[in-house]
Amino acid sequence: MSSPLKEIIGRNVGTAALTTVLALSLGLNVYLARNGGLKPHPKPIVPLEAGASLPSSIAMEDATGKPVTLEFADDKRPTVLYVLSPQCGWCKRNEENMKALYSAEGDRYRFVGVSIASQNLARYVSDKREPFPVYLLKSKDEMDQLHVLGTPETIVVGPDAKVMRAWQGVYIQQNQAEVEKYFGVKLPGLPETAQVEKRSGV
């Protein structure tokens, strides 16, 4: 292929590429204009680590909608926040572990259930699914303050509102071993059916 021909083809390819980029850019600008323009990307939620600071108080509601304020300094004991949802299947499977943990450590720690969903919460509480009070987080702001990634989660908080320890997920395998070591207890683990589902990826 002669040099002049290469030059012509090169110019045409370059022009086509530039035209494509400009068209895509224009299309993006039109889309953004129709949809309110650029919006800031939300800050990703990261898991809580020991030493992290939480608000000294958290606004919640009980199952009847009555406002409740959790003050970490109100109790000289550390507080165990157990984040759950009445619809969470893994929370249900973890219930025996939480009952065993509360039974063993309820004198040394204050336990508070923190639900992220209001649906069926009144029944969940009346059925005494957890042996400690369960309250509802009032808004997404409170969820963000606790860095809630999902359910269940366990957060141990000192009276100074400093995180002492946190775990994401049910008490199985590494989580179970760490929780048992931290509190110095032996937990029953998950029901056998849940263990099988976990191993099979269900």
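Predicted model: local features only at pLDDT ≥ 70, side-chain atom pairs only at ≥ 80, totals over all residues.
Side chains of opposite charge can pair when their charged atoms come close. A search of the whole structure turns up seven salt bridges. Three of them are taken in turn here, including the pairs of Arg-77, Lys-99 and Arg-165.

Start with Arg-77. Its partner is Asp-75, and the closest N and O atoms lie 2.8 Å apart. Look at the surroundings of each residue. Asp-75 is buried, with a relative accessible area of 16%. That counts as buried because the cut-off is under 20%. Arg-77 is partly exposed, at 26%.

Move on to helix H3, residues 95-105. Here Lys-99 and Glu-96 form a salt bridge, with an N to O distance of 3.8 Å. That pair qualifies because the limit is within 4 Å. Where do the two residues sit relative to each other in the helix? They are three residues apart, so about one helical turn separates them.

The last stop joins a strand and a helix. Arg-165 pairs with Glu-178, with 3.2 Å between the closest N and O atoms. Arg-165 is partly exposed, with a relative accessible area of 28%. Glu-178 is also partly exposed, at 24%.

Methods: Residues numbered from 1 in each chain as written. Heavy atoms only, no water. Salt bridge = Lys/Arg side-chain N within 4 Å of Asp/Glu carboxyl O. Buried < 20%, exposed > 50% of the residue type's maximum accessible area, 1.4 Å probe, protein only. Helix = DSSP H or I, 4+ residues; strand = E, 2+ residues; numbered from the N terminus.
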